[in-house]
Every structure is written in C-alpha cells, then in structure tokens.
Amino acid sequence: MERLKTHRNDAILIAVLLALGGALVLFLWFTRQDGGIVRVQVDGETVKELPLSEDTRLMLGEGGRANTLVIEDGTAKVAAADCPDQICVNHGAIRYDGESIVCLPHKLVVTVEGGAESGVDGTT
C-alpha cells in the first residue's frame, strides 16, 4: 500500500514541475524582445557595434584566426570560421536581446543588445 502512495506522490511532483517549467518557457517566449544592435567583442574588447537592420558581411580575425559574421534579415550569424570545433558556425542565427554566439578558440563573442524599451521602471 505504501508503494502505491509513493508512485502517486512522484506523479504529482512530476506534474507540478512540468507545469512550472512550461509556464516559465511560455513567459520567456512571450516576453523576449528583438534586438537593435550586434556587439562584437574579441578578447574582451568591443571591436564593432553593428545595427541588425542593415545587411552586413564582416570578416573578423587576425593572426591566423578568421570568422565571417553575416547580418541579414534582422538576424546575425557566424557563417564561417577556421576554428576546429565549428560550434559558432553551427549555433545558428540570433536576433533577440541577450542572445549570443561564442567562439572560444578565437575569443569572439557576438551579442544582440538594445531591444525595445519595456514599460517597466527599474528604479521604483
């Protein structure tokens, strides 16, 4: 009899966790904002800030390191890189405020920033 109660409690716990997880995913999905600019950092220093609204193709890198950043249709992606793992190339395009692409071998970070202002006042 005790074993059945444990299974029922486990099922209730799993259902509650799934409901909370689903609510969190929906909240994040509906509150995300399109970004306005792409900030490109190499080795911790900002080297470029580009608008997402203008199509651009940019070659990044020096000293045997090369990445190709492509901005088109309001999204940014690393189209090519000569790093061995190609994680940054396989990441896909980003467009929402706070998203980023990282290439660790080249110390490259591409971040979307500057989404539309929300109506929330952070100083109240």
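This is a predicted model: local features need pLDDT of at least 70, side-chain atom pairs count only at pLDDT 80 or more; totals for chains, interfaces and linings use all residues.
Residues are numbered from 1 along each chain as its sequence is written, and side-chain values use heavy atoms, with hydrogens and water left out. The average pLDDT of the chain is 85, and 87% of the residues score at least 70. Over residues 117–124, by contrast, pLDDT stays under 50, and the model has one contact beyond four places in sequence for this stretch, a contact being heavy atoms within 4.5 Å.

Helix α1 spans residues 2–31 and includes V16. Together with I12, L13, L17 and L20, V16 makes a nonpolar surface patch of about 480 Å². Such patches are made of residues with over 30% relative accessible area and no salt bridge, with like charges joined within 9 Å and nonpolar side chains (Val, Leu, Ile, Met, Phe, Trp, Tyr) within 5 Å; a salt bridge is a side-chain nitrogen of Lys or Arg within 4 Å of a carboxyl oxygen of Asp or Glu. The areas come from the Shrake-Rupley method with a 1.4 Å probe, and for residues only the protein chains shown count as cover. V16 itself has a relative accessible area of 43% and is therefore partly exposed, given that buried means under 20%, exposed over 50%, and partly exposed in between (1.4 Å probe, protein chains only).

The loop between β4 (67–72) and β5 (75–81) holds G74, and D73 is found in that loop between β4 and β5 too. D73 is exposed, at a relative accessible area of 69%, and has a positive phi of about 55° although it is not a glycine. G74 is partly exposed at 27%, and, leaving aside neighbours within four places in sequence, is in contact with L52, I94 and R95.

D43 lies in the loop between β1 (37–42) and β2 (45–51) and is exposed, with a relative accessible area of 52%. The C-alpha atoms of D43 and H106 are 7.9 Å apart, although the two are 63 residues apart in sequence.

H106 sits in the loop between β6 (100–103) and β7 (108–113), and counts as buried because its relative accessibility is 7%. Its side chain makes a polar contact with the side chain of N67 at 2.5 Å; a polar contact is a pair of N or O atoms within 3.5 Å, where within protein one must be able to donate a hydrogen and the other to accept it, and residues adjacent in sequence count only if both atoms are side-chain atoms. Not counting residues up to four places away in sequence, H106 touches V42, R65, A66, N67, D82 and C83.

Conventions. Helices (H or I, at least four residues) and strands (E, at least two) are DSSP runs, numbered from the N terminus. pLDDT is the predictor's confidence in each residue, from 0 to 100.
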